[in-house]
Amino acid sequence: MPSPIRPMSEASKVLVFGAGNFGSCLADHLGDSDHDVYLWSRQGEVVESLNKTHRNPIYLKDHHFSTNITAVGPELPGETLINEMDVLLFAIPTQFLRENLEKLRLYLNKDKHPLLIFVNKGIEIGTHALTLEIIADTCGAGIAKAATFISGPSFAKESKICVVQRQPTSVSVTSFTDSEAQRAAILFHQPHFRCYTGSDPIGTELAGALKNVYAIAAGAADGLGFENNTRAMIITRGLAEMTRIGTAYGADPLTFLGLAGVGDLFMSCSSPTSRNYSVGFRLGKGESLDSIINNLGSVAEGVTTAKGVKMILDELCIKARIATTIYEVLYEGKDIQTAVRELLELPSSKEIDLPSATGGPAKQLMKKLGLD
Ligand SMILES: NC(=O)c1ccc[n+]([C@@H]2O[C@H](COP(=O)([O-])OP(=O)(O)OC[C@H]3O[C@@H](n4cnc5c(N)ncnc54)[C@H](O)[C@@H]3O)[C@@H](O)[C@H]2O)c1
Ligand SMILES: O=P(O)(O)OC[C@H](O)CO
């Protein structure tokens, strides 16, 4: 392992929630940058092993983790540790975020709190809430306004375990509060982990969540035996759908052309490393969703997010035929061959068909955060 890179900022105390693939990877990156990192796992064996041998026995097993990481858990950290932190980083799958924030909010002072960073890419089932809304509901508008989101093409694990082996990667770092996005970017930025800041957290969140649904579609097409023309069609028409949904929602359409949009969409739709692509590929090969989920061993956010997307499409009365088809295959038992035939038999339509930007749910969310 090469010698640690100096932090671009003063060393910070960072508590990472979630020692899965991405939480472990980001904790290692920050430890490697000489920050003082605490990594919470709800699995006792992970805590013990990280502290004793600097190895995670479940995720990124082949990696020797930074010695700047102290693992904590399995109980959720309490007020004393949280009050010492400069940064709280959440790498918990979207469906479990609310229950954890409900417990942690008691320790967060709404006037003076650590920098809060979220890296999950999904939409909550049932409520179809974005993470911003989950934060506002649980921790309050002030904390949601300052929350920062990291998204973009960043596999925790490739053949050479990319980020922890310092393979060049870029992400977007967005918040409604520019100074918080800047702080997060300075914390993470390194020559091999380039951070670009932005101020459209709603678009960034939607892009990260939606790309997972289209990665399932691209994987399914490959599983069915289609090749490059078809994958390029799904990526490009997927991007058109993502941008249409984002615009109707009230996000900035240009966000979908950035790292969190086309960057991550392209990567996840073209690689079996993506768990969402793998789910699709196996569906295309004829395996059932239950069987795939039961032995995936890791989260594929697109599966749950497809439900949230369907609710958003119904609410906004807009069409996104690929996303709807994925929902029907996953949850309405639609046969995948029939789904493909129906998609291909759709009549010709305008290539670029963006709704007028009325503000949509983003306007209500911003009102809730006091940003209107
Ligand atoms: N893996 C990647 O390459 C990558 C990259 C960018 C973003 N993400 C996003 O980061 C998030 C986490 O993904 P991951 O790859 O680390 O997932 P993972 O499947 O590798 O790990 C999931 C983690 O969540 C924890 N968990 C499960 N149930 C929980 C609960 N009820 N409360 C708290 N924690 C719970 C598990 O213990 C585990 O540590 C996802 O939203 C994902 O889309 C992942
Ligand atoms: O493995 P996936 O499909 O969850 O993709 C992981 C990241 O989102 C890639 O940026």
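Modeller: Let's start in a loop: proline 74 sits between strand 3 and helix 3 (79-84). Keep in mind that this is a predicted model.

Colleague: OK. What is the peptide bond from glycine 73 to proline 74 like, cis or trans?
Modeller: That bond is cis, and its omega is near 0°. Most peptide bonds are trans.

Colleague: Where is aspartate 34 found?
Modeller: In the loop between helix 1 and strand 2 (36-40).

Colleague: On to the sheet. What order do the strands take?
Modeller: The order is 3-2-1-4-5-6-7-8. That makes eight strands in an open sheet, with mixed pairing.

Colleague: Which strands stand at the edges?
Modeller: Strand 3 (69-72) and strand 8 (193-198). Each has a single partner strand, so one side of each has no neighbour in the sheet. From one strand to the next, the twist averages 25°.

Colleague: In what sense do strand 7 and strand 8 pair, parallel or antiparallel?
Modeller: Parallel, over six bridges, with strand 7 covering residues 169-175.

Colleague: Which residue stands opposite serine 172?
Modeller: Tyrosine 196, in strand 8.

Colleague: What about helix 10, which strands does it lie across?
Modeller: Helix 10 (residues 259-269) lies across strand 6 (148-151), strand 7 and strand 8. Against strand 7 it runs at about 145°.

Colleague: Let's zoom out. What does the domain assignment give?
Modeller: Domain 1 (13-199) and domain 2 (210-367). Their centres, taken over C-alpha atoms, are 26 Å apart.

Colleague: How many residues of each are in contact?
Modeller: 23 residues of domain 1 are in contact with 20 residues of domain 2.

Colleague: Which elements supply the domain 1 side?
Modeller: Helix 5 (131-139), strand 7 and strand 8 each supply at least two residues of the side that touches domain 2. Strand 7 gives the most, with three residues. By class, that side has eight nonpolar, 11 polar and four charged residues.

Colleague: Now the ligands. Why does ligand 1 lie between the domains?
Modeller: Because domain 1 and domain 2 both give residues to the shell around ligand 1.

Colleague: How many residues surround ligand 1, and which are closest?
Modeller: 26 residues surround ligand 1. The closest are Gly20, Asn21, Phe22, Phe96 and Asn120.

Colleague: Where does the largest share of that shell come from?
Modeller: Helix 1 (residues 21-32) gives three residues to the shell around ligand 1, the largest share. By class, the shell around ligand 1 has 11 nonpolar, 12 polar and three charged residues.

Colleague: And ligand 2, which residues come nearest?
Modeller: Ser154, Asp264, Ser274, Arg275 and Asn276, out of 13 around ligand 2. Helix 8 (201-223), helix 10 and helix 11 (275-284) are the elements that give two or more residues to that shell. The largest share, three residues, is from helix 10.

Colleague: What classes make up that shell?
Modeller: Around ligand 2 there are four nonpolar, five polar and four charged residues. Domain 1 and domain 2 each provide at least three residues of the shell around ligand 2.

Colleague: Last topic, helix 9. How many residues does it have, and how far does it reach?
Modeller: Helix 9 (residues 228-249) has 22 residues and reaches 31 Å from its first C-alpha to its last. That is close to the 32 Å expected at 1.5 Å a residue.

Colleague: What comes just after helix 9?
Modeller: Glycine 250, with a positive phi of about 110°.

Technical notes:
Residues numbered from 1 in each chain as written. Chains lettered and ligands numbered in written order. Predicted model: local features only at pLDDT ≥ 70, side-chain atom pairs only at ≥ 80, totals over all residues. Pairing = 2+ DSSP bridges. Helix = DSSP H or I, 4+ residues; strand = E, 2+ residues; numbered from the N terminus. Axes fitted to C-alpha atoms, helices over the stretch in contact; angles between N-to-C directions. Contact = placed C-beta atoms within 7 Å. Near = placed C-beta within 6 Å. Nonpolar A, V, L, I, M, F, W, Y, C, P; charged D, E, K, R; others polar. Domains from an automatic or database assignment. Expected span 1.5 Å × (residues − 1).
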